Amino acid sequence: MLPLQRIREESDAVKEGLRRKGEPTDCVDTILELDATARRLRGEVESARAEQKRQSGPVRGKPSDEQLAQLTELKQRVQEGDARLGELDTRINDLLLYVANPAHESVPYGQGDADNVPVATWGKPASFDFDPLPHYDIGAGLGIFDFERAAKISGARFAILKGDGARLERALITWMLDVATQEHGYTEILPPYLVRREAMVGTGNLPKFEDDAFHVDGGLFLIPTAEVPVTNLYREEILDATQLPIAHVAYTACFRLEAGAAGKDTRGYLRLHQFDKVEMVRFTTPEQSLEQFELLTQHAETILRRLGLSYRKLLMCTGDTGFAQWKKYDLEVWAPGMRRWLEVSSCSVFGDFQARRANIRYRPSANEKLRFVHTINGSGLALPRTFDAVLETFQQRDGSVVIPEVLRPYMGGQERLLPG
RNA sequence: GGGGAGGUGGCUGAGCGGCUGAAAGCGCCCGCCUGCUAAGCGGGUGAGGGGCGUUAAACCCCUCCGGGGGUUCGAAUCCCCCCCUUCCCGCCA
């Protein structure tokens with residue numbers, strides 16, 4: 001959320017920032033109007049209340065009739081003003097939750113996919129002396145997917161992994177967590193998958209994107225990503241500057257309702273209502289956030305490199321930089337069987353946008369004022385598409401798949417997935 | 001599901017109608033003391049908003065003791081509703 005003061009003082013810049021993202025700007029004008037009214041009213045109410053205090057303070061005991069009459073009148077003025085002010089403040093605060101985070105100045109302008117800027121490509125796309133198959137065909141040969149039964153049990157957009165498939169997924173998850181915790185310095189968190197509404201508001205998933213989330217009886221939401229519980233770990237807290245940066249990694253299942261609405265990627269292990277993901281989250285000072293963002297992105301890249309997958313890194317244009325995001329890279333892995341790039345990681349820095357919503361602050365040093373931390377997160381990595389890229393990249397003519405070396409210790413030393 | 005306890009500043013924890021933005025302790029900051037450290041001594045130390053200020057400080061005002069209503073001239077303190085935490089019993093894994 002943006003501070004009201006910023007909207008007040010830099011309304012044109014804020015609106016321009018929203019326009020660049022393709023976000024509506026009318027809410028800014030509405031907020032400005034409401035705020036102007038609220039400020040005027042606040043002045044009146046405050047001076048009436050100051051008068052009330054001045055008169056009521058020294059009374060101590062029984063005020064005279066004249067005093068009483070005057071005080072009663074003041075009280076009414078204060079009460080009425082306060083009620084109107086309360087309404088205005090509520091409306092302003094509700095609107096503020098819908099104002100997007102303008103992108104960082106280094107983010108290129110653009111409206112969509114075509115405007116995202118490739119900043120790096122790593123690895124050569126795998127070459128084959130046969131026609132490489134898409135992962136769902138490879139998987140069918142290996143007997144590791146069961147989409148039909150998943151649909152029977154849960155409906156469309158669910159998958160079942162079986163045998164070596166289930167094991168490979170677990171191996172990927174465990175290995176990713178091990179790299180993050182043992183090499184990259186992240187502390188692992190295993191959080192709840194159900195969260196309160198406030199947690200969803202904290203990360204910016206609510207109120208604007210309520211339709212995208214699974215809402216369960218009892219008022220809780222199924223997390224769309226581990227970002228939600230992990231970012232909210234420190235909500236309403238004041239951190240010590242010496243603790244920063246804080247780095248967490250978490251594996252969770254992720255649940256997305258909207259994943260089904262698009263009508264694309266209906267085939268294969270690609271876009272699901274439920275999927276696995278390893279997520280990294282960092283909390284930093286404002287001074288460090290951009291470099292920490294680069295660092296986290298590198299950590300995600302490391303995972304892809306170690307697996308031997310080729311990928312590209314895209315700097316998202318303003319139009320593809322999400323509601324809460326300040327700046328974002330997407331990592332896309334090459335899937336040679338489908339001959340397309342698959343998004344496996346999205347690394348974002350939020351500035352203090354989430355920290356304001358979740359009220360996560362820190363004290364820079366003993367005599368300084370509290371400040372909001374900056375938050376950063378990124379997938380490291382999303383499982384289904386990483387899984388697909390492994391199958392498609394390391395498939396063999398005979399239908400088997402060579403398991404990347406880094407995963408073999410997690411597969412009991414197994415070197416290949418064999419058909420049958 | 002039944003019954004109890006509780007939500008106060010960075011933390012612990014008093015307060016139970018006006019003298020309380022809030023005792024005390026801890027922590028932290030400044031100074032004294034000390035060969036250094038520790039201890040000791042003295043002082044200071046909540047957050048948010050508005051005014052003012054050519055956006056630093058000072059100064060003034062308002063708000064804030066889980067949230068929202070109410071009683072009252074006046075509420076952290078009394079009443080009502082809600083949220084959250086916690087304990088005991090029951091139930092289930």
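Biologist: Hi! What should I know before I start reading the model?

Modeller: It is a predicted model, where local features need pLDDT of at least 70 and side-chain atom pairs count only at pLDDT 80 or more, while totals for chains, interfaces and linings use all residues. Residues are numbered from 1 along each chain as its sequence is written, chains are lettered from A and ligands numbered from 1 in the order in which they are written, and side-chain values use heavy atoms, with hydrogens and water left out.

Biologist: Thanks! How many helices and strands does chain A have?

Modeller: Chain A has twelve helices and 15 strands. Both are DSSP runs numbered from the N terminus: helices are H or I with at least four residues, and strands are E with at least two.

Biologist: And what does the C-alpha trace span?

Modeller: About 100 × 45 × 40 Å along its principal axes.

Biologist: What share of the residues is buried?

Modeller: Of the 420 residues in chain A, 48% are buried. Buried means under 20% relative accessible area, exposed means over 50%, and partly exposed is in between, with a 1.4 Å probe and protein chains only.

Biologist: What about the surface and the charges?

Modeller: Chain A exposes about 19,900 Å², and carbon and sulfur atoms supply 47% of that area. The areas come from the Shrake-Rupley method with a 1.4 Å probe, and for residues only the protein chains shown count as cover. For charges, there are 53 positive and 61 negative side chains, with the centres of the two sets 1 Å apart. Lys and Arg count as positive and Asp and Glu as negative, leaving out His and the chain ends; each charge is placed at NZ of Lys, CZ of Arg, CG of Asp or CD of Glu.

Biologist: OK, let's go inside. Is Ala-38 buried or exposed?

Modeller: Ala-38 counts as buried because its relative accessibility is 0%. You'll find Ala-38 in helix H3, residues 26-56.

Biologist: Which residues does Ala-38 touch?

Modeller: Not counting residues up to four places away in sequence, Ala-38 touches Leu-85, Leu-88, Asp-89 and Ile-92. A contact means heavy atoms within 4.5 Å. Across the whole of chain A, residues 24 or more positions apart account for 73% of the contacts with a separation of 6 or more.

Biologist: Nice. Now helix H12: how many of its residues are buried?

Modeller: Eleven of the eleven residues in H12, residues 383-393, are buried. Among them are Arg-385, Phe-387 and Glu-392.

Biologist: At what angle do H5 and H12 pack?

Modeller: H5, residues 135-142, and H12 pack at about 75 degrees, with their axes 9 Å apart. That makes H5 roughly perpendicular to H12. The axes are lines fitted to C-alpha atoms, for helices over the stretch in contact, and angles run from 0 to 180 degrees between N-to-C directions. Under 35 degrees counts as roughly parallel, over 145 as roughly antiparallel, 65 to 115 as roughly perpendicular and the rest as oblique.

Biologist: Which residues meet there, in H5 and H12?

Modeller: His-135, Ile-138, Gly-139 and Leu-142 in H5 meet Asp-388, Leu-391 and Glu-392 in H12. Val-401 also contacts residues named there, including Ile-138, Leu-142 and Leu-391. Val-401 is in strand S14, residues 401-402, and counts as buried at 1% relative accessibility.

Biologist: Switching topic: which residues does a cis peptide bond join?

Modeller: One cis peptide bond joins Leu-244 and Pro-245, with omega about -5 degrees. Pro-245 lies in the loop between strands S5 (238-240) and S6 (246-255). Leu-244 and Pro-245 are both among the contacts of Thr-284, a buried residue with a relative accessible area of 0%. A cis peptide bond also joins Gly-380 and Leu-381, with omega about 10 degrees, and Leu-381 sits in strand S13, residues 374-382.

Biologist: Last one: what is phi of Arg-157, and of Arg-339?

Modeller: Phi of Arg-157 is near 70 degrees, a positive value in a residue other than glycine. Phi of Arg-339 is near 55 degrees, again positive in a residue other than glycine. Arg-157 is in the loop between helices H6 (147-154) and H7 (164-183) and is buried at 12%. Arg-339 is in the loop between strands S9 (327-335) and S10 (340-349) and is partly exposed at 45%.
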